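Look it over first, then read the points grouped by topic.

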Amino acid sequence: MSSITDKMKSVAFKSAMKTAISYLDKDPDANAIKVMNLVDKFMPADWYVPQRAAIREAIETKNNWYQVVEKVWDLDPGVRKAFFTNFMVNASLSGSAVQEDEIDKEGCNIPWAILMDPTTACNLHCTGCWAAEYGNRLNLSFEDMDSIVTQGKALGVFMYIFTGGEPLVRKKDIIALCEKHSDCEFLSFTNGTLIDEEFCREMLRVKNFVPALSVEGFETATDGRRGSGTYQKVVHAMKLLKEHRLPFGISTCYTSANYDDVSSEAYFDQMIDWGALFVWYFHYMPVGQGAAPELLPTPEQRTEMYRRIRKYRETKPIFSMDFQNDAEFVGGCIAGGRRYLHINAAGDVEPCVFIHYSNANIHQCTLLEALKSPIFMEYYKGQPFNDNMLRPCPMLENPEFLREMVKKTGAKSTDCEQPEDVDTLCDRTEPYAQRWAPVAEELWKENREEKEQRSGCERCIG
Ligand code: SF4
């Protein structure tokens, strides 16, 4: 292991990546393949294999992915350079090498990204969301967030993601954090309504902040849930970001009510037209007091999401990821620090943004101690929770695991609104898990057969 990590952390590697970035700045079309050759030369042969193959294919065939890459060339040059340096080099290449070293040394998960809630406050009053009622009661101070990032960097973590509440209620502190940790990439989920001219100028100044705006369908659906006029405010924010040549993406939660709209070709075309570089899809999770199990997609609806997203991924110039149906690309559940963890506004360190049980609070322990806390160690030992990558989650698809982990570790409910007993939560997901299991088995079989067929074809062509 040490030869890999030494290679990735070496001065030669970093200077090769600097050369690569300057190649891209000069003539991306002509130099993209040279950059891939450099990456292949320096990166261990078994790292990011499918991703590297997809990028190489995009460059060589100039497919829809290449159009996404071209949009990246159109970004503000300073922002683009910060993205390549912070996201590609610091977070994903040399950062991953440090993380692997730490995993070996410490015997626990070390994440690639840390999610944190700067605040529980929000400026909107969306149906089903507790944030507005809960108000401004809980906040991580600037010093708390600074300490989390400083501790994270020592473990090789250079990717930070804000959730909430509405993170941009704290935009001054967020910008100050971006400025202080200019070697990290910061991303924020946001309702988008607080993005204005001034904030775009601040983003251009610090260069390392990327928003993911929440959109859950077309205008009627969005305004119905979030309040009249919200959709147009979000569209306006995207227009501003595009005008300033700033990168942004979209985050969409799919439910039984909106799955058809948000997986339609019209929705994909709309997001591309707005200028989004990526869309992250989240399956609705029936967590907490306001849970609405009737919003859980049926097996047929989830299958439809699976098929449509994969279809448009091959044809549309936008990077799409469905966190529940794409676990095969990351080896199953990524929580518990395996790829990420979540710190709520009270400082509780939770395995996942949807799993509100914890034995550790950042005000009382270090980040590394939290990663070694009992429930995190159960994740470390238990992952993956299922060999079928269409059933990755210990709460949604394998609730017996969450029940057991919480009871065994004595992890406390950290739900900011009202504590929730793990049996209450898992009794809610159990029927869903049972309905989904046989469909997921068939779909996974189909997935494996297709993959086998593709690799057979590649071998023949090769
Ligand atoms: S705990 Fe469930 S929702 Fe969270 S990352 Fe793992 S699979 Fe996804």
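The notes below go from overall build to sheet to charged pairs.

This is a predicted model, in which local features need pLDDT of at least 70, side-chain atom pairs count only at pLDDT 80 or more, and totals for chains, interfaces and linings use all residues. Residues are numbered from 1 along each chain as its sequence is written, and side-chain values use heavy atoms, with hydrogens and water left out. The protein has 19 helices and 11 strands. Helices (H or I, at least four residues) and strands (E, at least two) are DSSP runs, numbered from the N terminus.

**Overall build**

- The C-alpha trace spans about 55 × 55 × 50 Å along its principal axes.
- Of the 462 residues, 56% are buried. Buried means under 20% relative accessible area, exposed means over 50%, and partly exposed lies in between (1.4 Å probe, protein chains only).
- The protein exposes about 19600 Å², and carbon and sulfur atoms supply 55% of that area. Accessible areas come from the Shrake-Rupley method with a 1.4 Å probe; for residues, only the protein chains shown count as cover.
- Among contacts (heavy atoms within 4.5 Å) between residues at least 6 apart in sequence, 72% join residues at least 24 apart.

- Nine strands form an open sheet with mixed pairing, in the order 7-6-5-4-3-2-1-8-9.
- Strand 7 (319–322) and strand 9 (349–350) are at the edges; each has a single partner strand, so one side of each lacks a neighbour in the sheet.
- Two strands pair if DSSP finds at least two bridges between them.
- Strand 5 (residues 249–254) pairs with strand 6 (residues 278–283) in the parallel sense, over six bridges. C253 stands opposite F282 of strand 6.
- Helix 15 (residues 299–313) packs on the sheet and touches strand 5, strand 6 and strand 7. Its direction makes about 160 degrees with that of strand 7. Axes are lines fitted to C-alpha atoms, for helices over the stretch in contact, and angles run from 0 to 180 degrees between N-to-C directions.
- Strand 2 (residues 159–162) pairs with strand 3 in the parallel sense, over four bridges. M159 has E185 as its bridge partner in strand 3.
- Strand 3 (residues 185–190) is mostly covered, with six of its six residues buried. E185, L187 and F189 point one way, while F186, S188 and T190 point the other way.

**Charged pairs**

- Side chains of opposite charge can pair when their charged atoms come close.
- A salt bridge is a side-chain nitrogen of Lys or Arg within 4 Å of a carboxyl oxygen of Asp or Glu. The count is 31 salt bridges.
- K105 and E102 form one at 3.5 Å, N to O. Both lie in helix 6 (residues 77–106), three residues apart, about one turn of the helix. K105 is exposed at 61% relative accessible area, whereas E102 is buried at 11%.
- D423 and R403 form another, with the closest N and O atoms 2.8 Å apart. This pair links distant parts of the chain: D423 is in helix 19 (residues 422–461) and R403 in helix 18 (residues 399–409), 20 residues apart. D423 is partly exposed at 23%, and R403 is buried at 17%.
- E420 and R428 meet in a salt bridge of 2.7 Å, N to O. E420 is buried, at 9% relative accessibility.
- R310, R313, D326, E328 and R448 are linked in a salt-bridge network.
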